[in-house]
Amino acid sequence: MMKDIATPVRTKAILEKYGFSFKKSLGQNFLIDLNILNRIVDFAELTVNSGAIEIGPGIGALTEQLAKRAKKVVAFEIDQRLLPILKETLEPYPHVKVIHEDVLKANVNQVITEEFGEDQDLMVVANLPYYVTTPIIMKLLTDQLPIRGIVCMLQKEVADRIAAAPGTKDYGSLSIAIQYYTEAKTVMIVPKTVFIPQPNIDSAVIRLTKRPEPAVKVTDEEFFFTVVRASFAQRRKTIFNNLSSHFAQTIEKKNIEKALHAAGIDPKRRGETLSIEEFGRLSDELVSHLD
Ligand code: SAM
C-alpha cells in the first residue's frame, strides 16, 4: 500500500519527482506529520456525511486525511504548479475536487451550492498560507457561508489575538471581529518541526464555531465595527479620547460622553477592557448622535 502523503519520505519523493520549489510568497509550508494532521481533522468533528472545504491543499497532505473521513472535499489552490501533483497524489480519492483559484477571489457560496447538497454539515479545514490568514478568515465569515465552523492552522500570535478575552494584551479589533461571528478557541500549539520548510514563527490550530446569531445584536453592523476600530486606534488612550479623535467631525464631545454614560461605560476606561456586549450598547447609543 502507498504511504500517506504527509510522511517525510513520501513528501520528499513527490517534491523531487516534480522538481517543486517552495514559494515563500504563497505561504508554502507543508505538513509532514500524520499525528498533527489527524488531530486537526479530529477537531473538525466530521462524520461520514460531512463535507470539507480546504484552502491551499499544497501536495494534498491534509486533503488526504480529510478525504478519509468526509463524504466530499473541495479544495482551493492558487498555485498552478501544484495541480498535476494533486492530480496524482489524490487520484485514489475521487470524492476530492481541486479548484484552481485564489480563495480571496472565489465565490465560495456558489461553489458550495454547486458541490455540496443542501443541509450538509460543512466545515472549513486548512493549514492557511500565513501571509493572508486574516483576510481569508474574515472573508469566510463575512461571506456568510452555510458552514458549521473553521478549524485552521495559523501563526500562534494571530491565534492569540483572535481568541483573546477582554482586559488582556492580545484583545483588540481582530478578537471582536471574529468573536462577533464565532466562538474562538486555540486547540493546539504546533512545533516548527512538523513543516517543510520550517516557518520562522510558532504555529497554532484554532477552532472557530459559528454562532447561530452574531454575539451581539446592533442596529448598524458597519458602524459597530467602526466604533470598535476607533476605540483601539491608540491602545493607551481612554475610550473617550479615542472616540473623540475619530468622530471629531461627526459627533460632539458632549454627545460622546452622553452615549458612554447611557451605555454604562466609564469614559476613562480603555477600549481593551470593553466586552463585545459593551461595544454593542455603545455603538447603538453613538449612532443616534451621528450628524
Ligand atoms: N495544506 C497543505 C499542507 O498542510 O501541507 C499546504 C499548506 S501551505 C501552508 C498553504 C497553501 O495555500 C499552499 O499550497 C499555497 O500555494 C496555497 N495558497 C496560498 N495563497 C492562496 C490563496 N489565496 N488561495 C488559495 N490557496 C492559496
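Trainee: How are helix 9 and helix 12 oriented to each other: roughly parallel or roughly perpendicular?

Mentor: In this predicted model, helix 9 and helix 12 (residues 276-287) pack with their axes 9 Å apart, at an angle of about 110°. Angles from 65 to 115 degrees count as roughly perpendicular. Helix 9 and helix 12 are therefore roughly perpendicular.

Trainee: Which residues of helix 9 meet helix 12, and how many charged residues does the contact have?

Mentor: On the side of helix 12, the contact is formed by Ile276, Phe279, Gly280, Leu282, Ser283, Leu286 and Val287. Helix 9 contributes Phe223, Phe224, Val227, Val228 and Ser231. By class, the contact of helix 9 with helix 12 has nine nonpolar and three polar residues, and the number of charged residues is none.

Trainee: What is the handedness of the crossing of helix 8 and helix 9, and which residues of helix 9 make the contact?

Mentor: Helix 8 passes helix 9 in a right-handed crossing. From helix 8, the contact uses Ser173, Ile176, Ala177, Tyr180 and Tyr181. The residues of this contact divide into seven nonpolar, one polar and two charged. Those from helix 9 are Glu221, Phe224, Phe225, Val228 and Arg229.

Trainee: Which residues of helix 3 does helix 2 meet?

Mentor: From helix 2, the residues in contact are Leu34, Leu37, Asn38, Ile40, Val41 and Asp42. Their partners in helix 3 are Ala61, Leu62, Gln65, Leu66 and Arg69. By class, the contact of helix 2 with helix 3 has seven nonpolar, two polar and two charged residues.

Trainee: Which of the residues around the ligand come nearest?

Mentor: There are 23 residues around the ligand. Of these, the ones that come nearest are Leu31, Gly56, Glu77, Asp102 and Tyr131.

Trainee: Which residue places a polar side-chain atom 2.6 Å from an oxygen atom of the ligand?

Mentor: A backbone N or O atom of Val103 lies 3.0 Å from a nitrogen atom of the ligand. A polar side-chain atom of Tyr131 lies 2.9 Å from a nitrogen atom of the ligand. The residue whose polar side-chain atom lies 2.6 Å from a ligand oxygen atom is Glu77.

Trainee: Where is the cis peptide bond from Ile196, and what is its omega?

Mentor: Most peptide bonds are trans. The cis bond joins Ile196 to Pro197, and Pro197 is found in the loop between strand 8 (195-196) and strand 9 (203-210). Its omega is near -15°.

Trainee: What is the phi of Glu45?

Mentor: Most residues other than glycine have a negative phi. Glu45 is found in the loop between helix 2 and strand 2 (51-55). Although Glu45 is not a glycine, its phi is positive, at about 50°.

Conventions
Residues numbered from 1 in each chain as written. Predicted model: local features only at pLDDT ≥ 70, side-chain atom pairs only at ≥ 80, totals over all residues. Heavy atoms only, no water. Contact = heavy atoms within 4.5 Å. Helix = DSSP H or I, 4+ residues; strand = E, 2+ residues; numbered from the N terminus. Nonpolar A, V, L, I, M, F, W, Y, C, P; charged D, E, K, R; others polar. Left-handed = near helix turned anticlockwise from the far one by under 90°. Near = heavy atom within 4 Å. Polar contact = N/O pair within 3.5 Å; in protein donor to acceptor, adjacent residues only side chain to side chain. Axes fitted to C-alpha atoms, helices over the stretch in contact; angles between N-to-C directions. Parallel < 35°, antiparallel > 145°, perpendicular 65-115°, else oblique.
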